[in-house]
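This briefing is for a reader who is new to the structure shown below. The points are grouped by topic and can be read alongside the model.

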Amino acid sequence: MIAEHNVTHAGSDPGELEEFTYDDQIVRYFAYATIGWGLIAFLVGLLIALQLGLWQLNFGLPWLTFGRLRPLHTNAAIFAFAGNAIFMGVYHSSQRLLKTRMFSDVLSRMHFWGWQLIIVSAAIMLPLGITQSKEYAELEWPIDIAITVVWVIFAVNFFGTIWKRRERHIYVAIWFYIATIVTVAVLHIVNSIELPYSFLRSYPVYAGVQDGLVQWWYGHNAVAFFLTTPFLGLMYYYIPKAANRPVYSYRLSIVHFWALIFIYIWAGPHHLLNTAMPEWAQTLGMIFSLMLWAPSWGGMINGLLTLRGAWQRLRTEPIIKFLVGAVTFYGMSTFEGPLLSIKAVNSLSHYTDWTIGHVHGGTLGWNGLLTFGILYYLVPKLWNTELYSKKLANVHFWLGITGTGVYMISLWVAGITQGLMWRGLTAEGKLMYPDFMETVTRIIPLYWVRALGGTMFIIGFCIMVYNLYKTMQSGRISEPQKHKARRLVSVTTLNASELGSKHRLLEGLPMVFTVLSVIAILVGSVIEIIPALVVQEFVPNDKKIKPYTALELAGRDIYVREGCYTCHSQQIRPMVSETLRYGKPSTIAESQYDRPFQWGSKRTGPDLARVGGKYPDMWHYRHMINPREIVPQSIMPNYPWLATANTDLDVISRKLQVMQTLGVPYSNDEVKQAKADALRQAEKIAAGLRAEGGVNDAELEQRELVALIAYLQRLGKNGGVE
Amino acid sequence: MKAETLSYFHMPELTLVGLGIFFTFFMLMLLWVFQHQRKPFYQRLEQLPLADD
């Protein structure tokens, strides 16, 4: 059978009739990958959730600690599960909306296998501690380059498909895909500018507040342009498709698109509210976050009202249930996000589990349910059969939605509880809960509830895998169906009257549209980031603050490797309770040499910005090997390998040299003698440990733990200048 | 309060330029999108996803 499209539109596009097929095999590949990586991402997420309740689940193994697995979980969920889901939907819907096969089957396969290779590399490197510690951008420079190459392949393939399309006008879903492709490219390249000092290690070119601003401009917009815009594009295609009725308001979809991409890009600084970041950038981030309410809810309303007159299908069609559930979670998350961006609310929520609950409402509820809905729609179509069991799909829906709800609510309660305990003051103006551990043990039962929610979600997912497997088994992959549509005549050979109007001409020109999209995202990016990068007075360089010594720098790299930032912040906010607990508020100058910055985003443990000198070296030595020896209720993993592994000082000169290139005021002598200087400082610390605690290790000064202690004791000391 | 807030703006002209660009762009977009004669065009566009697979 041959399906015919735009055949009767002769007069407007009088090209010759052509026959073609769609490449659905690539869609199947991405569907397999979405399911496979989804399972891994969710299981790793469950493991790290359980680790917070039961520290023994870190197993005393370096590659299974929370600090190393948490980045693996986020990367797997975002780039492996959601990423493959995006590509699955984009490859399927774009071919149909543009009435053509993808530009190149070879590029499609290069994209698929290249992306899977990147994910496998990440799955190996992150547990090994090869990380930049920048959230959602942890991967080191060789993988950064690979991501750029694969993304360019995807972009060439996608824009090539637009170029050879047989449909003159670009449907709004394609607009969202275009914005995704160009913005992710800009974000990834700008945030990944780094200088390597070895095959797999590098330092970012930005330091301290600049690194923070660029990183969260990226991090926030990774959510915006990887987890939102492409999924909105999918929503605008699959909801009309599943409901068999057009989108509620096409006009609203256009307003939604332009307002969303313009505003979203500005909101990054809301991740750094109440920190040492300049006040104006915080205010800007907060205001634009509040403005996001309007386009986000415009999109949600547009998605939901597409079902007007077909609401009865919500009772009978699991696909509609998943899609509506997803859009509802999108509405909830995009209400909660701006709420959390209000500085007063953020002062309570930031660093707590409230944020974790919020992001999981988005990823499990919005990205997860939408992906499941699309899979339930696509698999029967791609395998030419009916869904194996609607009943199982319904069970999956209720498990998924209940699990997500349980997850979110438990972490809302945990976050608000802990936030209130941190700031609680007595009538005398002292901390009501001065022992940080008390604020941790109070919320551990809620971690178990969260794990229960996650387990329900995973059980539902496994039911879907079984249901889709049985569906595939009962179906068959037939010869690709043939389609017919007229070839487009170049717009230059058509006059405006044939196209209808000049406005239509504009919409038919994807290149012009792409340029406009880039301008829309660059306006916010440039205004937000340029002042931080170019104005010296904006980031005062305090000459009194000394750079890290060679040993401190080596210790800092171990701190980064172990992912300590996933549980400890290094940023004291200007709030009474924080000053009482941790000391005076952090300043911009204090992190001027921090590459990468370590301000953190979560406090499962206390802030460490001024931990230097608070405890003796021996305290740290014993605490790192077994935290419970010092703090009986601690949930921190043991790090015994730090006491047996040697610090790699062969590369320390090179590290200082790279830092010197980046502007850190190391003298040439300091660079040359870095190893000797590091050993000298290590010997001093080791002598103290032997004398104070009787540590019996002939090679103690070589150990990683000594370097880490040097770094921890430096925090807040600024190299002797307080 | 206002003076204190503004004192933090090291490059206030940049944020004003941004606001100006956004406002102008947004109003022009609204005027463009809500032109009455565009309705038939949108009616055709919104049918695109509903074509046969």
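**Largest pocket**

In this predicted model, 39 residues line the largest pocket, and A:H568, A:G605, A:P606, A:H623 and A:M636 are the ones that lie nearest its centre. Two or more lining residues come from each of these elements of chain A: helix 1 (25–53), helix 2 (66–98), helix 16 (436–441), helix 22 (576–582), helix 23 (617–625) and helix 28 (704–714).

- The volume of the largest pocket is about 820 Å³.
- Helix 23 of chain A contributes the most to the lining of the largest pocket, namely four residues.
- Sorted by class, the lining of the largest pocket holds 23 nonpolar, 11 polar and five charged residues.

**Cavities**

- The model has six cavities of 30 Å³ or more.
- The second largest cavity has a volume of about 170 Å³.
- There are 16 residues in the lining of the second largest cavity, and A:Q570, A:E590, A:D594, A:A609 and A:G716 lie nearest its centre.
- By class, four nonpolar, seven polar and five charged residues line the second largest cavity.

**Helix 10 of chain A**

- Helix 10 of chain A covers residues 293–305, which is 13 residues.
- From its first C-alpha to its last, helix 10 of chain A reaches 18 Å, close to the 18 Å expected at 1.5 Å a residue.
- The buried residues in helix 10 of chain A are A:P295, A:S296, A:G298, A:G299, A:M300, A:N302, A:G303 and A:L304.

**Backbone details in chain A loops**

- The peptide bond that joins A:R595 and A:P596 is cis, with omega about -5°.
- A:P596 belongs to the loop between helix 22 and helix 23 of chain A.
- A:F59 is not a glycine, yet its phi is positive, at about 60°.
- The loop between helix 1 and helix 2 of chain A contains A:F59.
- A:N384 sits in the loop between helix 14 (353–382) and helix 15 (390–423) of chain A.
- With a relative accessibility of 39%, A:N384 is also classed as partly exposed.

**A:V465**

- A:V465 is part of helix 17 of chain A, which spans residues 444–474.
- The relative accessible area of A:V465 is 29%, so this residue is partly exposed.
- A:V465 and A:L39 are 426 residues apart along the chain, and their C-alpha atoms are separated by 9.2 Å.

**Chain B**

- Chain B has three helices and zero strands.
- Along the sequence, the pattern of chain B reads α-α-α.
- Of the 53 residues in chain B, 28% are buried.
- Chain B has an accessible surface of about 3600 Å², and carbon and sulfur atoms account for 71% of that surface.

Note on methods. Residues are numbered from 1 along each chain as its sequence is written. Chains are lettered from A and ligands numbered from 1 in the order in which they are written. This is a predicted model: local features need pLDDT of at least 70, side-chain atom pairs count only at pLDDT 80 or more; totals for chains, interfaces and linings use all residues. Side-chain values use heavy atoms; hydrogens and water are left out. Buried means under 20% relative accessible area, exposed over 50%, partly exposed in between (1.4 Å probe, protein chains only). Accessible areas come from the Shrake-Rupley method with a 1.4 Å probe; for residues, only the protein chains shown count as cover. The expected span of a helix is 1.5 Å times one less than its number of residues. On a 1 Å grid over the protein atoms alone, a cavity is a set of points where a 1.4 Å probe fits but cannot get out, and a pocket is an open set with protein on both sides within 12 Å along at least five of seven lines; lining residues have an atom within 4 Å of a point. Grid points are joined across faces, edges and corners, and a volume is the space filled by probe spheres set on the points. Ala, Val, Leu, Ile, Met, Phe, Trp, Tyr, Cys and Pro count as nonpolar, Asp, Glu, Lys and Arg as charged, and the others, Gly among them, as polar.
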